[in-house]
Amino acid sequence: MSELSVNHLLGIKHLAAGDIQLILDTAKEFKEVLNRPIKKVPTLRDITIANLFFENSTRTRLSFELAEKRLSADVVNFSAASSSVKKGETLVDTVNNILSMKVDMVVMRHPNPGAAEFLSQHVDASIINAGDGAHEHPTQALLDAFSIRERLGNLEGAKVAIVGDILHSRVALSNVLLLKKIGADVMVCGPTTLVPKYMHTLGVRVEHNLQTAIEWCDVVNMLRVQHERQDIKYFPSIAEYRAQYGLTMAHLDALEKSIVVMHPGPINRGVEITSEVADSPHAIILDQVENGVAVRMAVLYLLAEKRKLGNS
Amino acid sequence: MSKREIIDSGELNIALNRLCCKLVENHGDFTNSILIGLQPRGGQVLSRLVKLLEEEYGVSSIRTGLLDITFYRDDFRRRPGHLQPNKTKIEHLVEDQKVVFIDDVLYTGRSVRAAMDAILSYGRPLKMELLTLIDRRFSRDLPIQPDYKGRQVDSIASQRVEVLWEEVDGRDAVLLTEPAS
């Protein structure tokens, strides 16, 4: 097998199907590492990684930090709240200051779409996009694909429905792009106001009825309503959203088959998914979190490998 | 590039039998021993040895495992191309056990150094030993020597020593590959 075709992980858009396969296969071996009594390998001991979070995050940030530490990398953390960004420094200046302290890789979450790509053009470090606004969240899509593959055995031909706030979700876009690249069948489902008008041009099915979506799919990925990104009202009330798009045990019990339920977190229990569903054997929500560390280790390992000594 | 057969299937079989005898001599019924094949090529030696030990030497239920050393290598980012990890399968506790690493060719010793590092992630073995089917003499980069060796081979750095197995390659043999002059 060959190396990754890219030097940064900016989005699923830039990855080839072979890259995705390589990351998922490598993650499988890292998952084994995470189940050893000593869960640490020395591979990245000469790499320093900066985690730059210009937007709040709990899961992703912890997951990246743990992945970095499990690989023995040196880690520095930075959050916008306590930084000189507040004092008027530009993104490139902030990052260049950090890089001058000999940092090799940057994991960045930023509220502006394209921030990671912009940074990759201006600084000499491997950039990993940990979410850029409503644009992409590539490691989430990779860990979702890994979790589906683990459960179903194969991604090709798998029927995956993504339900909820498609319009504001970077998870939705990255998932759609990834699943299409590796031959899965994808449907998006949500209120007409929360599904982008041109979604079908990505080759996905568009549905507005939750019942139809879950009857069709093998896997349902329930997304949170992103109130923080909504400038206007997209639906009349939470109660109405819950009635139309909230997944309940009644939905799952009425199906003739068993489907896998996913959620990228954070869960709004009782809105897009009830507590019974979230805690049922159908849900693989905590598996997703566990797999997230292994997938991020694979991404870090494969990108670090491209920074050969002598030209990094 | 030319390939020359330096050990044939008969000689290979004798070497494997001799290795089995030595293992039985030191490990008895293998109660506290675990044989660990080093990925990717040690697994073949391991399965052949286990087959012989069970069929010819009456040893039963030998505990085995496979260890991949990719994440412990000392040439990560220092060599061109991609280092693809292989499967690791260690289902027995190594704590206080006698671990025997098994590989096909011992060359620089760097893989064995990595293996010693890697196995410690699973616990602290009582003892570590090294078995190699082929020992390329005078080519070590590290102070590592095998406890059990099938055959010794003299070769130069530009040559390659390759072990073929009937199950995979259609015949048992050891080849010496000469570079194109």
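**Figure 1. Pro266(A) lies in the loop that connects β9 and α10 (275–278) of chain A.** Helices (H or I, at least four residues) and strands (E, at least two) are DSSP runs, numbered from the N terminus. The peptide bond between Gly265(A) and Pro266(A) is cis, with omega at about -5 degrees. Most residues other than glycine have a negative phi, and most peptide bonds are trans. The model is predicted: local features need pLDDT of at least 70, side-chain atom pairs count only at pLDDT 80 or more, and totals for chains, interfaces and linings use all residues. Residues are numbered from 1 along each chain as its sequence is written, while chains are lettered from A and ligands numbered from 1 in the order in which they are written.

**Figure 2. Chain A as a whole contains eleven helices and nine strands.** Its C-alpha atoms fill a box of roughly 60 × 45 × 35 Å along the principal axes. Of the 312 residues of chain A, 46% are buried. A residue is buried if 20 or more other C-beta atoms lie within 10 Å of its own, exposed if 12 or fewer, and partly exposed in between, with C-beta atoms placed from the backbone. Of the contacts in chain A between residues at least 6 apart in sequence, 74% join residues at least 24 apart; a contact requires C-beta atoms, placed from the backbone, within 7 Å.

**Figure 3. Five strands of chain A form an open sheet in the order β7-β6-β5-β8-β9, with parallel pairing.** The edges are β7 (205–207) and β9 (260–262) of chain A, each with a single partner strand, so one side of each has no neighbour in the sheet. From one strand to the next the twist averages 20 degrees. Angles run from 0 to 180 degrees between N-to-C directions, and axes are lines fitted to C-alpha atoms, for helices over the stretch in contact. Strands β5 (residues 159–163) and β8 (residues 219–222) of chain A run parallel and are joined by four bridges; pairing requires at least two bridges found by DSSP. In this pair, Val160(A) is opposite Val219(A) of β8(A). Helix α5 (residues 138–152) of chain A packs on the sheet and touches β5, β8 and β9 of chain A, its direction making about 165 degrees with that of β9(A). Helix α6 (residues 170–181) of chain A lies across β5, β6 (185–189) and β8 of chain A, at about 160 degrees to β6(A).

**Figure 4. Helices α5(A) and α11(A) cross at roughly 115 degrees, their axes coming within 8 Å.** The crossing is right-handed: a crossing is left-handed if the near helix is turned anticlockwise from the far one by less than a right angle, and right-handed if clockwise. From α5(A), the contact residues are Thr139(A), Leu142(A), Leu143(A), Asp144(A), Phe146(A) and Ser147(A). From α11(A), they are Asp287(A), Gln288(A), Asn291(A), Gly292(A), Val295(A), Arg296(A) and Val299(A). By class, this contact has five nonpolar, five polar and three charged residues. Ala, Val, Leu, Ile, Met, Phe, Trp, Tyr, Cys and Pro count as nonpolar, Asp, Glu, Lys and Arg as charged, and the others, Gly among them, as polar.

**Figure 5. Chain A contributes 18 residues and chain B 16 residues to the contact between them.** On the chain A side, α1 (17–33) and α11 (285–305) each supply at least two residues. Helix α1(A) gives the most, with four residues. The chain A side divides into eight nonpolar, three polar and seven charged residues.

**Figure 6. In chain B, strand β8 (residues 173–178) runs antiparallel to strand β1 (residues 2–7), joined by five bridges.** Arg4(B) is opposite Leu176(B) of β8(B). Strand β7 (residues 160–164) of chain B is also antiparallel to β8(B), again with five bridges. Here Leu164(B) faces Ala173(B) of β8(B) as its opposite residue.

Figure 7. Pro40(B) is in the loop between β2 (33–38) and α2 (42–56) of chain B. Asp96(B) is exposed, with 11 other C-beta atoms within 10 Å.

Definitions and conventions: Two residues are in contact if their C-beta atoms, placed from the backbone, lie within 7 Å.
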